[in-house]
Amino acid sequence: MTAPTRTGMLVASDLRVVSDAGPIVTGLDLAVSPGETVAIVGESGSGKSMTVKALLGLLPPGVRASGRLELAGGAGDLVVDLADPGTSWKRVRGSRIALLLQDPFTSLSPVHRCGEQIAWGIPRPGGRTARAGDRHGTREHVTRLLGEVGLPADVAGKYPFQLSGGMRQRVALAAALAAGPDLLIADEPTTALDVTTQHEVLELVAGLQRGRDMGLILITHDLRLARSRADRVLVMYAGRLVEEGTAAEVLGDPAHPYTARLAACDPPLTHRLAVLPTIPGSVPAPSSVVAECAFAARCEFAIPACRTAEPPLIEVAPADPALAEATGGRRTACLRSEVVRTIEHVGESAAEPAAAGIPAEAAASPLLTVRGLTKRFHGSAVPALDGVDLEVTAGESVAVVGESGSGKTTLARCVVGLERPDAGDVDFHAGSGARGAALARRVQIVFQDPYSALNPGLTVGTCLAEALAAAGRPKSEVAGLLTLVGLPEGYARRRPRALSGGERQRVAIARALAPRPELLVCDESVSALDVSVQAQVLNLLSDLRRELGLTMLFITHDLAVARQIADRVYVMRGGRVVESGPVDDVLGAPEHEYTRRLLASIPQ
Amino acid sequence: MNRPVLAFALRRLGATLLLLLALSLLVFALMYLSPGDVARNMLGTRNVTPEALAEIRARYHLDEPFLTQYWLWVSQAVTGDFGTSIRTGGPVGPLMLSRTGITAATAGLAFLLSALVGIPVGIVAAVRRGRPLDRLLVGVSVVGVSAPGFAVGLLLLYVFALGLGWFPIYGTGDGFLDGLWHLVLPAVALALGLGAFVVKLTRAAVVRELDQDYVTFARGRGLPESAVLRIVLRNAAIPIVTSLGLMVAYLFGGTVLIEVTFALPGLGALMEESVLFKDVPVVQALTLVVAFVVSVTALVVDLSYLLIDPRVRARTVRTRAVRG
């Protein structure tokens, strides 16, 4: 780790972001030194993305920033008034600060070749007129950049759709580095990538950062990633900076209850918890918080003083005084930080390790048997499923893990009947040997994205009543369904847009439960949720499983989630099952080389 | 890569020919679908004598089976011989040819006007989204889309020809410049609605692209706005080209009313006269020609996707590879 020097290459002071609806970021100071990695951590609505957009003048229409931005670097010092609408961002973007976005599938233009897109960012010494004569030099520059991100030169002639996600993100990285920025801002740069690819891309960024002595601001919701990659961490909550310090200190010894609880929500990979710690309630809108601590309403340590004034960001002593000199700047906005730090694991009091899964009874009858399932999509060279066998016993929870392209989602869709396999059997041993629509009601699915899974035009009540009617059940059960998934009955009158992501996913679960299915298939059902919400939904699912005796088939890319939810796990790769068995055996002592690689790629 | 693309183009061309064949069958059947005796219908509003009817039957092979008649008609139509006009007694081909110039000029001018004005206006509105200029342009284009062409034509005539006297009221003029002069008002009347349509579609396409991540990414690494706009336009090209293709079909509907309004002796006016006179051979020929132009435009638009979007190109190649 580089010890940060006091001379920041980027210093932002009193950065504020305001929209017509109210404040989004309410005053934040940020400094990054050359070679340093600063992680900004927070859940959706924390204002972390808006903060970095403000640093580049990329705020959407109707959103304004204020504050002062000082940049030092090879090209001389520069002071930018963020409130000035006439700011010339040309001097900042690209050459001083470059932005790398989350999704490599959308951040490149689909109709331009990769080489072209990288070349756009290369500054031309003789102005724009030097273009024609400079073509050869540009091509060499592109090849060099591609080499730096570990791609062969012929990628320049390819279109983004011809590349894998990891390769696209490398192309995007080469494009971001084209103008030689002093600082790279990476907004969730690996969230959309598979775990092994994630690891490669992060290693690559770290290497480039060292080689170029480049500062890095890493925006992430992933605390593990922040801890393993960042020198310093800033934790944001509801548009406020609640805690900052070195990564090891902030995440190892949180001084703010929010940081502590957020860290506890992250499901552990090594063992299963009976109940995952959660944070009750939800993140308030930054504008609704007036003269109080934004977290007070959800905080177990709150005292009356927390609700009368917003706590200032104050220096706290580092856990290890010897480090005080080197790290400095350990600050938190909490009146009760001393109490928070004395408690060993906040919110983990309830988090006792559970017995490793419910032991599957030998006599239990199989509910679902999948034999030799094969599926090849039209126009695809490789099969999506290549002879998959799978068995789920009644009452069991089975996880299918794998990366994109492993065929896990196709498997789920074949089980539910949304895809027709080319060969093989899906046998569902329903009590009555039901077929067709009756069978369809016995198996239900919950999708990944709760934003697109609900019809925005229907109220929650209508949506659930529709699902009940399809199963021949009375409308009066709507209230019961909502209670079942932990939502107030009054939500029946709301429309999806008035609900948060976690609430929508609860509605989607309620809808799947309406026909009283025996098997619930969850296709990445918690991947799009914030970590604290994910913990709530995972708890809900295990409660439902206990109460209703549900059998679950859980499709996920997240091994820690599989650890928490499943009794047995199947590891898929390239349309085949490479390893399967009890979750403790497979994740604790993996036999297949691929499972081992998956586990090794998770940031520790 | 090129062989599959060529194969796709040929297949698409084959499909267009099949479509035209089916359309020509429908067009030919028009004569039988209209009520009454075909021979009587073909005589139009003239006096009917048994001799005339017999002559018509013989000349048009009306006693032959339907498909034989169709074959005789269509095999002559592809050589440009669409038979004889009932109204004028002359051959339909040269009659249409003499009227084509004026329609082609009006429609072409209207097409150019609406594309050359509509696309830039749509881009400007999208870039200034939500600002007063955008509201104004969108407001004007709503009026443009909703105002019927002939009403706009009458208004233009009243203001610019009758009131201000800047443009001639009717006729075609002599020579190229004077001819163009006479076509300005009709073309503007025709272009207004179509242009507004192009504005709305272009604006929607560009707005959608401006919201994409790759725009934020391009700005975030310091590309100038002009470069960003170039990238966006390339991506918005498919919907824009599609809207231009659709416009060609609308042009023919609009041109009938406009030519009547401005008393221009073009194909539209010919269509109007022929329908009124029940001049079935002319109506058939005109319908077939319009169908031909519209299908060929659709073909060109489809093939242009291959040029614009590498993903479409790749999909074409892949589909071929799997089938082959």
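Select W166(B). In this predicted model, W166(B) has a relative accessible area of 49% and is partly exposed. Exposed would need over 50%.

Buried or exposed, or in between? F160(B) is partly exposed, at 25% relative accessibility. Buried would need under 20%.

Keep both residues on screen and look at their rings. The ring centres of F160(B) and W166(B) lie 5.7 Å apart. Rings pair if their centres lie within 6.5 Å, and over all chains the count comes to 10 aromatic pairs. How are the planes of F160(B) and W166(B) set? They meet at 45°, so this pair is tilted. Stacked planes would be under 30 degrees apart, and edge-to-face planes over 60.

Stay in chain B. Select F28(B), F66(B), Y70(B) and W73(B) together. These residues form one aromatic cluster.

Move to chain A. Select Y491(A) and R494(A). What sits over the ring of Y491(A)? The charged end of R494(A) does, 4.2 Å from the ring centre.

Chain A has 604 residues, and 53% of them count as buried.

Next, show the contacts in chain A. Take those between residues at least 6 apart in sequence: 69% of them join residues at least 24 apart.

How values were computed. Residues numbered from 1 in each chain as written. Chains lettered and ligands numbered in written order. Predicted model: local features only at pLDDT ≥ 70, side-chain atom pairs only at ≥ 80, totals over all residues. Heavy atoms only, no water. Phe/Tyr/Trp six-rings, centres within 6.5 Å; stacked < 30°, edge-to-face > 60°. Buried < 20%, exposed > 50% of the residue type's maximum accessible area, 1.4 Å probe, protein only. Lys NZ or Arg CZ within 6 Å of the ring centre and 35° of its normal. Contact = heavy atoms within 4.5 Å.
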